[in-house]
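Please examine the sequence and the model before reading on.

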Amino acid sequence: MHTLVFYTHPFSRGRVARWMLEETGLPYEEVILDYGTTMKAPGYLAINPMGKVPALRHGDSVVTENAAICLHLAEQVPDQHLLPPPGSPARGECYRWVLFAAGPLESFISARRHGALAPAREAGYGNEADLMRTLEGALAGRRYLVGDRFSVADLYMAAVLGYYMRIGELESRPVFEAYAAAHLQRPAAQRANARDDALVAERAESA
């Protein structure tokens with residue numbers, strides 16, 4: 001297996017990718033970058049021209065975009081069944097919910113925060129009522145989004161819901177809370193959070 005190098009910052013969406021790395025159990029090296037400085041330095045821009053984290057270097061290839069990183073990592077450990085079998089209808093359903101969380105859901109929350117919602121007919125997220133109805137319908141009465149076991153879709157959705165409920169940008173509906181809490185207690189999630197929290201503390205001490 002090629003070496004995995006993980007570029008991140010503890011106050012970033014890299015927390016989701018780190019949880020995925022911990023879930024796989026694959027060894028990886030971490031590179032901590034800072035906003036406005038090392039993220040925009042030529043060396044890192046050669047890896048990710050967007051100058052953003054997270055990014056994952058896998059051998060000679062680079063994967064950016066949080067959802068892509070998580071899906072790529074899930075494919076590296078087929079024995080863990082973090083993705084349904086290739087070509088199965090369930091695989092498509094898994095892709096659906098990962099990209100729903102990474103696309104319409106996160107885009108809507110960011111646009112609403114800044115008061116710049118696009119017209120519903122033009123926006124991928126449509127309108128809030130449809131978005132929340134879709135999300136609640138997917139989670140109501142279910143522990144897993146796809147089938148009867150934990151998948152990368154659950155990891156991504158639980159991470160997104162947990163974060164936005166914690167900072168008050170997503171209504172803490174009981175169905176959201178119950179679903180996210182069940183997965184955020186996983187050992188890999190706890191390990192990932194502990195590492196990023198330790199990095200935050202180190203930065204505070206050195207400031």
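Cysteine 94 counts as buried because its relative accessibility is 0%, where buried means under 20% relative accessible area, exposed over 50% and partly exposed in between, with a 1.4 Å probe and protein chains only. Cysteine 70 is likewise buried, since its relative accessibility is 0%. The model is predicted: local features need pLDDT of at least 70, side-chain atom pairs count only at pLDDT 80 or more, and totals for chains, interfaces and linings use all residues. Residues are numbered from 1 along each chain as its sequence is written, and side-chain values use heavy atoms, with hydrogens and water left out.

A disulfide is a covalent bond between the sulfur atoms of two cysteines. Here a disulfide is taken as a pair of cysteine sulfur atoms within 2.5 Å, and the count by this rule is 0. Cysteine 70 takes part in no disulfide, the nearest cysteine sulfur, that of cysteine 94, being 11 Å away. From the side of cysteine 94, the closest cysteine sulfur is in cysteine 70 at 11 Å, which is too far for a bond.

The sheet comes next. Helices (H or I, at least four residues) and strands (E, at least two) are DSSP runs, numbered from the N terminus. An open sheet is formed by 4 strands in the order β2-β1-β3-β4, with mixed pairing; two strands pair if DSSP finds at least two bridges between them. Strands β2 (29-32) and β4 (61-64) stand at the edges with a single partner strand each, so one side of each has no neighbour in the sheet. From one strand to the next, the twist averages 20°. Strand β1 pairs with strand β3 (residues 55-58) in the antiparallel sense over 4 bridges, and valine 5 stands opposite arginine 57 in β3.

Threonine 8 belongs to strand β1 (residues 4-8). This threonine 8 is buried because its relative accessibility is 0%. Leaving aside residues up to four places away in sequence, threonine 8 touches Gly14, Arg18, Val31, Ile32, Leu33 and Val53, a contact being heavy atoms within 4.5 Å.

Helix α1 (residues 14-24) lies across β1, β2 and β3 and runs at about 155° to β1. Axes are lines fitted to C-alpha atoms, for helices over the stretch in contact, and angles run from 0 to 180 degrees between N-to-C directions. Two helix pairs are set out below.

| Helix pair | Axis separation | Angle |
|---|---|---|
| α1 and α8 (residues 187-206) | 8 Å | about 130° |
| α6 (residues 152-166) and α7 (residues 174-184) | within 9 Å | roughly 120° |

The angle makes α1 oblique to α8, given that angles under 35 degrees count as roughly parallel, over 145 as roughly antiparallel, 65 to 115 as roughly perpendicular and the rest as oblique. Among the residues in this contact are Arg15, Arg18 and Trp19 of α1 and Ala188, Arg191 and Leu199 of α8. The crossing of α1 and α8 is right-handed, whereas that of α6 and α7 is left-handed; a crossing is left-handed if the near helix is turned anticlockwise from the far one by less than a right angle, and right-handed if clockwise. The contact between α6 and α7 includes Met157, Leu161 and Met165 of α6 and Phe176, Tyr179 and His183 of α7.

Aspartate 79 is placed in the loop between α3 (66-76) and α4 (89-113). With a relative accessible area of 60%, aspartate 79 is exposed. Its C-alpha atom is separated by 9.9 Å from that of threonine 24, 55 residues apart along the chain.
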